[in-house]
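Thanks for coming, everyone. Let me put the model up, and then we'll walk through a few spots.

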Amino acid sequence: MRTAKKLMLTPVLALTAFGLAAGPAAAASADSGGSEDGWTYQADLEEINDSGASGDIMITVKGDQAMITEHVEGLAENFQDGPYPHVQHIHVKADGSAECPTSSADENGDGIVNTPEGGAAYGDVSTTLTDSGDTSADAAVDVDHAGIKGGSATYKRTIDLDAKTKDAIKDGRATVVVHGLDPADQSKDVQDAKSPLDDSLPQAATAPALCGTLADSQMGQPPKGGPDTGGGSTASTDDTVMLAAGGGVLVAAGAAFAISRRKKPSTGAH
Ligand SMILES: [Cu+2]
């Protein structure tokens with residue numbers, strides 16, 4: 001066993017000594033290891049515009065699906081005699097890291113950061129976390145299907161995730177924003193203003209109330225093995241992980257070794 005391993009490692013290490021593709025190979029190995037089992041991302045949702053609200057969200061991405069569990073509290077409770085419809089989105093930035101805006105983003109000086117003003121920090125709406133139906137950006141101000149209704153709620157939904165949103169989540173360019181302030185808490189100017197997103201809605205209805213940047217919750221932990229992996233492939237994966245821990249250069253060697261282990265039974269070792 002040990003001899004076979006050494007034989008496999010030697011030529012690969014020889015190649016890496018010439019500086020051939022050790023970096024890309026390491027990146028590819030780490031990425032595919034996680035995406036097969038699903039990656040979990042989470043965000044603490046913190047108040048914007050002195051909303052007084054708080055919350056958290058967990059998103060597990062598996063293939064093209066996202067399992068979402070979110071809890072919020074302290075948001076505006078009522079609006080026009082009904083539970084307040086809080087629209088919420090995954091915003092994505094084209095480049096740079098996801099951020100939540102500070103009060104300095106209030107460009108027009110009306111006392112609140114409205115949704116477009118926050119855009120420099122969190123980017124544009126990419127996915128709408130509705131209660132049912134359409135989850136695209138087209139549903140961004142669909143208050144009838146707002147994901148959160150009332151001041152405190154738990155939101156659970158599994159949705160199809162488009163490639164743009166998925167890539168942004170993995171790259172750290174995605175932010176969850178929950179909208180809707182209590183008009184009673186706002187200045188007269190803000191109370192009277194129309195939403196810059198939809199002039200049939202008041203400004204307060206679409207201004208951000210909670211914001212959190214999505215981050216990989218497994219950061220620094222080894223990837224979890226799937227429950228149904230066969231004995232052979234589990235052993236290979238473990239070897240790869242152990243070698244990877246030894247140093248980036250060895251990841252390529254580990255991958256090559258894993259391939260050789262998988263091939264062994266079919267080549268017939270007798
Ligand atoms: Cu939004």
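Cys100 and Cys211 form a disulfide, with their sulfur atoms 2.0 Å apart. A disulfide here is a pair of cysteine sulfur atoms within 2.5 Å. The structure holds one. The pair links distant parts of the chain, 111 residues apart. Cys100 sits in the loop between β7 (88–92) and α3 (115–122), and Cys211 in strand β12 (residues 208–213). Helices (H or I, at least four residues) and strands (E, at least two) are DSSP runs, numbered from the N terminus. The torsion about the S-S bond of Cys100 and Cys211 is about -90°, so the disulfide is left-handed.

A word on the source. This is a predicted model: local features need pLDDT of at least 70, side-chain atom pairs count only at pLDDT 80 or more, and totals for chains, interfaces and linings use all residues. Residues are numbered from 1 along each chain as its sequence is written, and side-chain values use heavy atoms, with hydrogens and water left out.

Buried or exposed? Buried means under 20% relative accessible area, exposed over 50%, partly exposed in between (1.4 Å probe, protein chains only). Cys211 is buried at 2%. Cys100, at 29%, is partly exposed.

Now the metal. Which residues coordinate the copper ion? His89 (ND1), His91 (NE2) and His179 (NE2) do, at 1.9 Å. Donors are N, O and S atoms within 2.8 Å of the metal (3.2 Å for Na, K and Ca); water is not among the atoms, so sites may look incomplete. The donor spacing in sequence is H-x1-H-x87-H. Both His89 and His91 are buried.
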